[in-house]
Protein chains: 2
Amino acid sequence: MDDFEVSCKGLFRALTIREKYMKLAYQRFPRTASQYLRNVEGESFKIEDQLQPDFTPLPKSGEDPFDFKTLPKNLGYVARMKEGLIYVYNDAAAADKHQPKDLPCPDYDTFIDDMNFLIALIAQGPTKTYTHRRLKFLMSKFNVHEMLNEMEEMKELKLNPHRDFYNCRKVDTHIHAAACMNQKHLLRFIKRSYRVDADRIVHKLNGKEVTMKALFESLHLHPYDLTVDSLDVHAGRQTFQRFDKFNAKYNPVGASELRDLYLKTENHINGEYFATIIKEVASDLEDAKYQYAEPRLSIYGCNPAEWTKLSGWFVKHRVFSPNLKWMIQVPRIYDIFRGRNFVPHFGKMLENIFLPVFQATIDPQSNPELSIFLKHVTGFDSVDDESKHSGHMFSTKSPKPEEWDIVKNPSYTYYIYYMYANIAVLNQLRRQRGMNTFLFRPHCGEAGAITHLLASFMTADNISHGLNLKKSPVLQYLYFLAQIPIAMSPLSNNSLFLEYAKNPLLEFHKKGLVVSLSTDDPMQFHYTKEPLMEEYAIAAQVFKLSTCDMCEIARNSVLQSAMSHEEKAHFLGTDYLKEGPEGNDIRKTNVAQVRMAYRFETLCYELNLIMEGLKAELHHIILYNNLVNLSINLVYSNEFLH
Amino acid sequence: MDDFEVSCKGLFRALTIREKYMKLAYQRFPRTASQYLRNVEGESFKIEDQLQPDFTPLPKSGEDPFDFKTLPKNLGYVARMKEGLIYVYNDAAAADKHQPKDLPCPDYDTFIDDMNFLIALIAQGPTKTYTHRRLKFLMSKFNVHEMLNEMEEMKELKLNPHRDFYNCRKVDTHIHAAACMNQKHLLRFIKRSYRVDADRIVHKLNGKEVTMKALFESLHLHPYDLTVDSLDVHAGRQTFQRFDKFNAKYNPVGASELRDLYLKTENHINGEYFATIIKEVASDLEDAKYQYAEPRLSIYGCNPAEWTKLSGWFVKHRVFSPNLKWMIQVPRIYDIFRGRNFVPHFGKMLENIFLPVFQATIDPQSNPELSIFLKHVTGFDSVDDESKHSGHMFSTKSPKPEEWDIVKNPSYTYYIYYMYANIAVLNQLRRQRGMNTFLFRPHCGEAGAITHLLASFMTADNISHGLNLKKSPVLQYLYFLAQIPIAMSPLSNNSLFLEYAKNPLLEFHKKGLVVSLSTDDPMQFHYTKEPLMEEYAIAAQVFKLSTCDMCEIARNSVLQSAMSHEEKAHFLGTDYLKEGPEGNDIRKTNVAQVRMAYRFETLCYELNLIMEGLKAELHHIILYNNLVNLSINLVYSNEFLH
């Protein structure tokens, strides 16, 4: 076998691995890639095989998003955790005998096998060379496309009535609820709350009730004097490469009491202020009309009552907006909980995170608030400082979660596998019941080892950050082939990990990776009243993006998001599930068809090359064709469409 | 004489030249530098000698800014142009004999002499070396200051109640009225105007009246379909290094008819739409409360009635806002007017620009609208593409303006001298009458020859752009010593002349040049609803500015601006005319006193060095002291203030 064939075989297998994991968990895998894979396998592709996640549609007019009455009945199943995975049984007897229902999930050994294959692949010389060359080619090809077709794209957009960048839908695909307001907003809110509620009991200290006035007095400050400087929640030069300092910025005036009072769902006032702030942010988005956000709320896994409390907060304060899609973030901080003896082992943490969701799925009426909340939850995120090295390498010899009782944190991959596996089983159960399913959308590749991006390639529907794809051509090329959406936050990176001008966003976008723009933490990073627009504006200015680029990124953000099928059809066009130009409705997206044709042809060309490689044709002939075809292709796509 | 003494002598003389020109024209020159100059000359410095420009204060509550009744009486003087300069005579008889009143102005030969001296200085080897080293030193010194005192500065700001970057006053020191709204605002306005006024007569074509509906029909478009893409007023990749394409962007949908209708003061509807748009922008600024702008309106010098028409527009539509300070921009396009035979020679253009202003100053009641308008005009700008090379070198042999009847444009310096000289005389006359005076604030150093920055060093109170100071260490150092404010617009530069990351703003700021941030043309460059905040936010992100940096830049913008003395005292503190920390009121500016002390000590140190050089002390001793002093100074400024 020559190098080219070796590479193609490896890339092909990598894609089939991802396809398998995506299917099991009701995550997405692109049609085009599936078609090519079936083609190689000599099978025919059926659209019905393309599984899609389910999201709760927006309530129809007059419908109450908090309506309990229609909750499905109890199935009577029993859910139990075993070796870090939740199993569902028909009844307690079956559970005792461990005769679970058939909700398949890639087991531990398979996962390790697949992972080991990918670890070898990304280090394999020929594949590294091949993918590096292809990526270089993709970059140059886009530059040629731009030179040839930029004015054509602009012409299409100018002729497209009503729609421009301002009224294209854009989703803030990565934002933390606790930092979703900007610093000025939080400051104003604190001042306002004090004017109204100075004498309200807002806190308990050693069993003693404390008024807001007394609380501020104990901190030796008066909200009237507060400024964004003294509030001190904004990242600055001090936070660069210092995730610890950045985390401390979540405490207004450095006081965790104020974080508890204003930015937590659980406190003496039942998270009322936090709910109000979020509803104000939502109301700003509704006014802006074309902007949406996917805020993350935390479930820590420290105790099993967290879900009940969080959903109680959600329902009590009716924290709902058509412009918000909710996600759950799970911080990877087992080591802290174990160190304080809050949990006996890692398995308990997983159980606290997933068992309540299984139970509410089996018997929704047993916990109606949680069941309502879960209808509005669209996915899970895994969060923390990726640059912390765990030292543990996930392998067949790793302890099972119930055996993991040391204080040391498991590795990123270990976390990811167990989150993925439980979500996969959960989604199968929920799909059977006609309930909405969850996407797995971890933070990944912001820093740390390249294996993070490998674990997510196997398990995640899409990721946030992805900076480290810079470091592995093989993974970068695979993320391109599988069109895995990446929510990038260059302003966040600029404050934490990577200077703005060095951000790979432009490079990824040019090569055809599916990137969207997101704010991460407006409280810490943004200055203006419209953080998402600020993010787009700065990217447009620094990277000199064209309108077509910006609208393509906005379209990517809607595709990546957990908006319901109905919303996506409304915002992108009814054929949005089709890939290539026929899936694009320029009247809604303002993305030029010339651009769509270029992207689709380019992707098919790369997939085709791999398939040709598998059919063992000669390397140099293909490369030769490759070059001849380029110029023809580019002019063709252009002529073809006019 | 050794090199050091040569440099010091040259720099000293350069400063005295600037001081002379500033005094004659009621432009500003810093106290500290004056004190040093007097010291060298063996004279004593008197604060009374520090001339200040006069700006009309804000109308008091109940006062009408358009009140005609209090206009001063006719002095009966006669004003006439001779050799490009307006002279004022007691009466027509004196005029015929050319016996002008004593309103001194540096004559042509003196100007050329001074200019030639400066041209030689900026090319002089020893001075180039000396200033280059001093600038390098200033840069390193600031970096050291930052490392030592950054946390101290932050601490001061945190302890400063009520005030933060958001409620510091900031002035958009350079913005063109015809592009002061953003593209989305203009688009909305056009759509709205069509909904209300479709049947209104808005245009005359070959004597035939045209309704708005017919006008849009003739352009084959309907405002309902219009988008920011088809409006096409935003700069993009196509405008880089193409000032011509950029200028064409002023035409919405590429149609000059729409520019006439929406962005001109003179048209069939008497500029009503343009006035309304500007008032909307003003109202947004008033709502934002802490933001101000200094928009430029054009006087072309094509015919003498321009001033009457422009002031008529201003008064008729009552285009007044406390948040706007007006300026007049004069495009350097004599060549176009001469080519079309609109003017017989350059002298006529100057006459059209200045004579009406002199006449309204002598006899305000003869043109009450113009007199009212002039009360609200704060200065003159000189604008056009600086990269166009004129070929002409201003010298004693240059033709006088009345003799300049060729189609070729005079050089930048020629324009600048004649604008400056007329403003100088005008300001003396106006000061005698107790009227407000005008600042000269040309566009300078955006592109083109380095001599532009030299001409402005002699004549301008402050400048816009200044990018080319990068290219001459001598001029850069002189701009630092004389603390000449520079309104920088990195986003504008990014679209036209220089990529954002390469913008010298950060470098200039660190070295201690007085820089402010301005938008230039929000219609072409900005995306959000708050263009000035967008400008600050992007600079803060890309250059990683600290809060103290941003507040210092905001403070610079107020100092640079033409806000009245009363406003400056209110926004910066009553002692704002004092230099150094005693002139700063941190409660109003949010600039740390540590920073102010650093800036002041650094400036004094550099001035002192020159004075020492003039006293012919030994070079190497001073340089030695220099190094020893640095560490002491920096720690001292810090200890001293706490």
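**View 1. The buried residues of helix H10 in chain A.** In this predicted model, helix H10 of chain A spans residues 256-263. Here A:Leu258, A:Leu261, A:Tyr262 and A:Leu263 are buried (under 20% relative accessible area, 1.4 Å probe, protein chains only). They lie on the same side of H10(A), because they cover an arc of only 155° around the axis (taken from the directions from the helix axis to the C-beta atoms). An α-helix has 3.6 residues a turn, so residues three or four places apart point the same way. Among the elements covering these buried residues are H6, strand S4 (201-205) and helix H11 (272-288) of chain A. Helices (H or I, at least four residues) and strands (E, at least two) are DSSP runs, numbered from the N terminus.

**View 2. The contact of chain A and chain B.** Each side is counted by contact (heavy atoms within 4.5 Å): 47 residues come from chain A and 47 residues from chain B. The buried area is about 4200 Å². That is the accessible area (1.4 Å probe) that two parts lose on being put together, summed over both. Carbon and sulfur atoms give 52% of it.

**View 3. A salt bridge between the chains.** B:Arg237 pairs with A:Glu146, and their closest N and O atoms are 2.8 Å apart. A salt bridge needs a side-chain nitrogen of Lys or Arg within 4 Å of a carboxyl oxygen of Asp or Glu. The interface has 10 salt bridges by this rule.

**Notes.** Residues are numbered from 1 along each chain as its sequence is written, and chains are lettered from A in the order in which they are written. Local features need pLDDT of at least 70, side-chain atom pairs count only at pLDDT 80 or more, and totals for chains, interfaces and linings use all residues; side-chain values use heavy atoms, leaving out hydrogens and water.

Conventions:
Buried < 20%, exposed > 50% of the residue type's maximum accessible area, 1.4 Å probe, protein only.
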